[in-house]
Amino acid sequence: MLHRPRRNRKSQVIRDMVQENHLFASNLIFPLFIIEGNNLKTEVSSMPGIFRYSIDNLLREVESCMNLGLNSFDLFPNIEESLKDKHATVSYKKGNLYLRAIEEVKKNFPEACVVTDVAMDPYSSDGHDGIVEDGKILNDETLEVLGKMALAHAEAGADIIAPSDMMDGRIGYIRQALDANGFKDVSLMSYTAKYASAFYGPFRDALNSAPKMGDKKSYQMNPANSREALIEAQLDADEGADFLMVKPGLPYLDIIKLLSDNFDLPIAAYNVSGEYAMLKAASQNGWLNEERSIMETLLSFKRAGATSILTYHAKEVLEKGWLK
Ligand code: PBG
């Protein structure tokens with residue numbers, strides 16, 4: 001036998017020498033849920049170990065993450081039902097929970113990278129990412145709301161704005177609104193290929209943001225499709241996106257690979273709430289080894305071609321020393 005691939009696996013030193021992909025703290029973005037109030041920290045029942053924080057506790061959480069070397073955060077608000085309406089007007093209202101959270105994090109930790117989520121659903125009385133009229137989601141009317149939200153986030157100090165709504169044309173629309181208002185340096189991380197997935201369930205529990213009627217299939221992508229992701233990616237690249245994101249992560253590794261093979265922009269993967277819940281449930285039952293299954297999952301995103309990973313595991317992998 002001339003070729004014995006096992007020779008390159010014969011010791012830990014050699015295995016490390018030929019390792020092709022590595023996971024670093026700098027690759028990770030930690031999603032954090034925020035809620036109105038004081039000194040609150042309430043666990044999301046379907047996401048053990050993940051909490052909704054009032055702003056005071058959010059600052060403590062950000063500080064403890066930064067002490068571990070975790071410096072990027074994506075914020076998501078839980079909004080009281082009474083503040084929601086059809087046009088998500090609270091989403092860009094001065095002084096709202098979300099804008100205060102961005103301001104406080106940037107004021108206390110200027111070196112943190114704050115990613116913000118642009119979409120109507122946490123603020124929408126219909127629980128949709130767009131304006132609903134006669135059961136239809138209105139695309140162009142929704143862009144106006146998204147543009148106002150994005151501007152409000154930029155004014156509050158967002159480093160990266162991540163539109164997660166899947167309306168057509170929103171990257172170009174938001175880019176123009178930002179540039180016209182002097183926010184040329186604020187980045188756009190587009191949810192480029194966001195699928196109509198069952199794996200968002202626990203996130204909607206966390207924010208109480210599930211659609212009140214219907215589903216999101218007229219704007220989020222069909223899980224059966226991959227070539228369609230190339231159309232979305234081309235549009236986002238042309239419209240000025242700085243990152244292309246694929247979401248969910250694990251069931252869509254092929255899409256991460258497809259985009260990284262075809263585009264030169266950095267690719268982000270969103271390891272979503274349902275993926276987190278799956279691994280937690282299995283490891284809490286003793287069915288999977290927690291550390292190994294989580295690390296294997298996160299590394300698979302790097303292997304597929306993602307540089308940045310949004311994951312609820314971000315803090316624990318550092319806290320538990322799994323990256324060493
Ligand atoms: C909403 C949004 C969702 C997620 C991020 N932004 C859910 C949805 O589209 O219904 C899901 C994240 C997760 O499941 O972790 N615009």
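**Close-up views of the annotated sites and a helix pair**

Lys194 is buried, because 27 other C-beta atoms lie within 10 Å (a residue is buried if 20 or more other C-beta atoms lie within 10 Å of its own, exposed if 12 or fewer, and partly exposed in between, with C-beta atoms placed from the backbone). This is a predicted model, in which local features need pLDDT of at least 70, side-chain atom pairs count only at pLDDT 80 or more, and totals for chains, interfaces and linings use all residues. Residues are numbered from 1 along each chain as its sequence is written.

**View 1. Lys194 and Lys247 carry the UniProt annotation "active site", from an unreviewed entry.** Although the two span 54 residues in sequence, no two of their C-alpha atoms are more than 4.9 Å apart, so they gather at one spot. UniProt positions follow the numbering used here, feature names are shortened, and annotations may be inferred rather than shown by experiment.

**View 2. Lys194 sits in strand E9 (residues 187-194).** Helices (H or I, at least four residues) and strands (E, at least two) are DSSP runs, numbered from the N terminus. Leaving aside neighbours within four places in sequence, Lys194 is in contact with Ser164, Met166, Gln220, Met221 and Lys247 (contact: C-beta atoms, placed from the backbone, within 7 Å).

**View 3. Lys247 belongs to strand E10 (residues 243-247).** Lys247 is buried too, with 25 other C-beta atoms within 10 Å. Beyond its neighbours within four places in sequence, its contacts are Tyr191, Lys194, Tyr195, Tyr270 and Val272.

View 4. Look for Glu232 in helix H7 (residues 227-239). It counts as buried, with 22 C-beta neighbours inside 10 Å. Setting aside neighbours within four places in sequence, Glu232 is in contact with Thr192 and Ala193.

**View 5. Helix H2 (residues 55-67) and helix H3 (residues 97-108) have axes that come within 10 Å and cross at roughly 40 degrees.** That makes H2 oblique to H3 (under 35 degrees is roughly parallel, over 145 roughly antiparallel, 65 to 115 roughly perpendicular, and the rest oblique). Axes are lines fitted to C-alpha atoms, for helices over the stretch in contact, with angles running from 0 to 180 degrees between N-to-C directions. On the H2 side, the contact is made by Ile55, Leu58, Leu59 and Val62, and on the H3 side by Arg100, Ala101, Glu104, Val105 and Asn108.

How values were computed
Two residues are in contact if their C-beta atoms, placed from the backbone, lie within 7 Å.
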